[in-house]
Amino acid sequence: MMSAGDPVERSGDAEVRVVLDRVCKSFAPAGGGDRVSALQDASLSVGSGKFLALLGPSGCGKTTLLRLVDGLIQPDSGTVHVFGAPPRPGPDIGFVFQSFRLIPWAKVTRNVDFSLRDLGLTAAEREERTRRVIKMVGLTRFANAYPATLSGGMKQRVALARALAPEPKVLLMDEPFASIDAQTRELMQIELMRIWTRRRPAVLFVTHSVDEAIILADEIALMGPSPGKVIETVPVDLERPRWTYDARAEPRYVELRKHLSSRMRQFVLSDPASEFFGRDLVQPDGMGS
Amino acid sequence: MALFKRELAMLRDVLQSCGSSAVRTAFALRNLCKPPDSLMIAFYRIGFFALLMALWQVAATRMGTNVLPSPLATWRAAQTLVGEGQLIVAIGDSLTVYLSGFAIAIIVGVPLGVVMGGFRVLGKTLEVYVFALAATPRVAFIPLIIVLLGLGVEAKTFIVFLGALMPILINAYAGVLAADEELLEMARSVGTPRGRIFTSIVLPGAVPFVIVGLRIGATIGLINTVVAELYTAVRGLGGLLAIYGNTFRMAEYFVVVLTLATVGVIVTESLRYIEARVSRWRDV
């Protein structure tokens with residue numbers, strides 16, 4: 001039904017920023033016992049300036065995949081390439097975490113500046129850049145506030161500003177809006193789209209929300225659990241900018257949503273590790289795949 | 001109600017001295033209970049002071065002033081002791097021992113704890129011995145210290161140092177180990193070099209633990225000051241305590257006890273003030 005691009009085939013493309021080829025990663029459980037496979041033969045690629053959503057139920061290795069792309073952990077087998085080489089954490093790759101991870105004793109300015117400290121910039125350049133990204137995320141008024149005084153949405157803006165300050169060409173986002181209330185989340189999505197349109201980094205955006213994936217992404221990589229792998233990639237051919245019209249009312253949107261939701265449900269019901277495993281849960285009309 | 005925050009702070013101290021895992025819980029406890037109004041608290045405190053004085057007076061008349069001097073008699077004794085100069089000299093002696101022992105404990109304990117936390121192998125190797133030493137009653141070492149250092153200021157200072165060192169060291173160590181894993185990963189993902197991660201994430205995160213260690217160390221250091229003055233050459237406030245206690249001069253004896261309490265309060269309150277200053281970001 002949907003076109004599933006073959007990532008390996010396209011990895012010769014000069015425009016491709018991030019390539020994963022048959023990546024496996026497993027972890028030893030803290031309590032001992034057999035290693036748990038988090039990712040098995042996961043392959044995907046992200047082109048320059050493209051927005052890819054990694055969609056999947058919890059426990060399908062989405063976060064592991066991002067950490068591999070950032071170079072925070074190494075794959076057991078397979079290759080991870082960013083700009084044609086194994087990635088190393090640094091200014092070229094930005095990371096926005098679900099839990100914000102702001103330094104509590106540093107004010108907003110210092111939190112944002114934290115990602116600029118080791119780039120060899122002058123103090124004036126750092127100050128200028130910090131000021132600019134803080135303005136971009138709309139927090140100029142709160143530049144001298146401590147994180148504890150900010151709301152969840154504002155904290156995530158600070159984290160986003162920190163990730164954007166070094167002007168990364170790849171931006172990794174790990175369920176960045178999952179702990180933000182629904183109203184704020186919608187506005188943050190628009191905000192992110194605006195910023196992305198201006199800066200155009202390649203984005204890997206992890207989410208378990210089908211709607212969020214469709215609204216934001218150029219392409220959705222659907223991931224399945226036990227062990228985690230990329231099942232299919234689905235292009236989102238909805239016109240941009242999507243905040244200027246009601247994309248949710250488009251027939252194409254509804255179609256995508258149906259397909260992705262039913263696949264997600266299948267994964268959960270057929271995953272032995274899931275609490276819903278083997279449950280006979282009624283599917284809404286027309287939701288069968 | 002007025003004392004509630006203080007009780008809570010004491011409870012927190014107890015929890016924190018139990019171990020690092022309790023620290024977060026205890027901080028959460030503090031945040032649950034903001035003081036209502038500082039003026040009201042001051043008022044309640046004065047009221048409670050008056051109540052204490054009244055109880056003291058009643059107890060003194062019931063038990064007889066030979067056993068328990070009245071507040072007024074104690075006040076007169078204080079005037080005499082200050083006027084004749086013994087008290088000032090004793091405070092000077094005690095503070096010299098106390099503050100130098102405490103200062104050396106900080107200078108040794110904080111860096112040692114930080115290094116133990118920074119190099120896990122070293123920390124794991126040494127921690128057993130540190131915990132064993134911390135669990136041994138330090139009074140047990142006094143005869144040995146006397147043999148080695150004599151009865152003078154050096155021996156006294158060393159006894160204070162030994163008492164204050166352990167909580168300071170253990171808390172600094174726990175503070176470094178308690179570094180926020182999520183912040184560490186964030187710093188690594190930004191490309192921060194290891195040394196900078198240590199100085200900008202790990203060390204600032206350990207500061208609240210270090211200050212708790214200093215406060216516990218200050219209390220134990222004061223106890224050990226008195227113990228040292230009782231066991232070695234009888235001098236200072238501990239010395240006066242022994243002299244007046246043994247000769248049943250209870251009014252003078254009470255003056256010394258109250259002086260010690262005052263010194264303790266001043267030191268721990270100063271540390272509490274520093275803690276509040278350093279962790280301003282927490283409460284805003």
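**Interface and rings**

I began with the salt bridges (a side-chain nitrogen of Lys or Arg within 4 Å of a carboxyl oxygen of Asp or Glu), and the count between chain B and chain A is four. One of the salt bridges joins the side chains of A:Arg101 and B:Glu182 at 3.7 Å, N to O.

This is a predicted model, in which local features need pLDDT of at least 70 and side-chain atom pairs count only at pLDDT 80 or more, while totals for chains, interfaces and linings use all residues. Residues are numbered from 1 along each chain as its sequence is written, chains are lettered from A and ligands numbered from 1 in the order in which they are written, and side-chain values use heavy atoms, with hydrogens and water left out.

Next I looked up the contacts (heavy atoms within 4.5 Å) and found 18 residues of chain B touching 23 residues of chain A. The two chains bury about 2,000 Å² between them, 61% of it on carbon and sulfur atoms, where buried area is the accessible area (1.4 Å probe) lost on being put together, summed over both parts. Of the area that chain B buries against chain A, B:Glu185, B:Ser189 and B:Trp281 supply 31%, more than any other three residues.

For the rings I counted a pair where centres lie within 6.5 Å, calling planes under 30 degrees apart stacked, over 60 edge-to-face and the rest tilted; nine aromatic pairs result over all chains. A:Phe95 and A:Phe97 are stacked, 4.3 Å centre to centre with 5° between the planes. Ring pairs also link A:Phe51, A:Phe177, A:Trp196 and A:Phe205 into a cluster.

Terms used. Rings of Phe, Tyr and Trp (its six-membered ring) pair if their centres lie within 6.5 Å; planes under 30 degrees apart count as stacked, over 60 as edge-to-face and the rest as tilted.
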